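Open your viewer and get ready to click through the model with me. At each stop I will tell you what to select and what to look for there.

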Amino acid sequence: MADCNKSSIEAWEYNPGDEENSKLPHKFSPNRPVPLSHVHSLGVLTWKLDADNWESDPKLEEIKVERGYNYWEKITVSREAMADFDARVGGFFQEHMHSQEEIRLILDGSGYWDIRDYDDKWVRFRVQKGDLVVLPPGMYHRFTLDTGDYIEALLLYTEVPERTQHQRAEDSIARKNYVKQFLDVHTLQIEAQ
Ligand SMILES: CSCCC(=O)/C(O)=C/O
Ligand SMILES: [Fe+2]
């Protein structure tokens, strides 16, 4: 598989602080960086691809074939492209999970994903043009734009999209599998030390 350690994604401990605006970085001062390897240990996969030539990029083709990504669609999240921009961005920022992988190739612009750490605190990472990100089914997360208020992304799917956002209160097979595959393993590793 194309080496998923070649991305330059920056991650850090999310500082809830007193800032209302989710589009600000929410870093502690000094910053508390989180290694990308830790983000990967939570089940996230990342690659750096050629966003300008995604339709002919052999690396993306390799990933699509290996992981069965047979469907894709573009989305532009901006005030100009979305009449309900604030509502849509607000919806992305509601903590949720999906029963399928969340697969996004950033074609332009930038934004932040927040994912739950092993201690249930938020870890934030920044994505920009060329970042391919795969969140595992059952991982609680949220997404927001940065103050640039613009992102264009390719949404990829293994099958006809199941778009339901399962809010935190709901439990599901996807959540149980995620906990077993990533969180329980981590707990056992800690206990074994
Ligand atoms: C970068 S595309 C918009 C974000 C999205 O589709 C999603 O599900 C965020 O959790
Ligand atoms: Fe999502």
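Start by selecting H96, H98, E102 and H141, which UniProt lists under "binding site" in an unreviewed entry. UniProt positions are given here in the numbering used for this model, feature names are shortened, and annotations may be inferred rather than shown by experiment. These residues span 46 residues in sequence, yet no two of their C-alpha atoms are more than 11.3 Å apart, so they gather at one spot. The lining of the largest pocket takes in H96, H98, E102 and H141. On a 1 Å grid over the protein atoms alone, a pocket is an open set of points where a 1.4 Å probe fits, with protein on both sides within 12 Å along at least five of seven lines, and lining residues have an atom within 4 Å of a point.

A word on what you are looking at: this is a predicted model, in which local features need pLDDT of at least 70 and side-chain atom pairs count only at pLDDT 80 or more, while totals for chains, interfaces and linings use all residues. Residues are numbered from 1 along each chain as its sequence is written, chains are lettered from A and ligands numbered from 1 in the order in which they are written, and side-chain values use heavy atoms, with hydrogens and water left out.

Next, zoom in on H96. Its place is in strand 5; strands (E, at least two residues) and helices (H or I, at least four) are DSSP runs, numbered from the N terminus. Is H96 buried or exposed? At 2% relative accessibility, H96 counts as buried, a word that means under 20% relative accessible area with a 1.4 Å probe and protein chains only. Now show polar contacts, which are pairs of N or O atoms within 3.5 Å; within protein, one must be able to donate a hydrogen and the other to accept it, and residues adjacent in sequence count only if both atoms are side-chain atoms. The side chain of H96 reaches the backbone oxygen of Q94 at 2.7 Å, and the side chains of H96 and H98 make a polar contact of 3.0 Å.

Move on to H98, in the loop between strand 5 (96-97) and strand 6. H98 counts as buried, at 9% relative accessibility. Which side chain does H98 join through a polar contact of 2.5 Å? It is the side chain of E102.

Click E102 itself, in strand 6. At 5% relative accessibility, E102 counts as buried. A polar contact of 2.9 Å joins the side chains of E102 and H141. Setting aside residues up to four places away in sequence, E102 touches H96, W113, V133, V134, L135 and H141, where contact means heavy atoms within 4.5 Å.

Rings of Phe, Tyr and Trp (its six-membered ring) pair if their centres lie within 6.5 Å; planes under 30 degrees apart count as stacked, over 60 as edge-to-face and the rest as tilted. The structure holds 5 aromatic pairs. One of them joins F92 and F143: their ring centres are 6.2 Å apart and their planes at 85 degrees, so the pair is edge-to-face. F92 lies in helix 3 (residues 85-92) and F143 in strand 9 (residues 141-145), so the pair ties together parts that are 51 residues apart in sequence. F143 counts as buried, at 9% relative accessibility. The rings of W113 and F125 have their centres 6.1 Å apart and their planes at 25 degrees, so this pair is stacked. Both W113 and F125 are buried. Select F92, W113, F125 and F143 together to finish: ring pairs link them into a cluster.

Technical notes: Buried means under 20% relative accessible area, exposed over 50%, partly exposed in between (1.4 Å probe, protein chains only).
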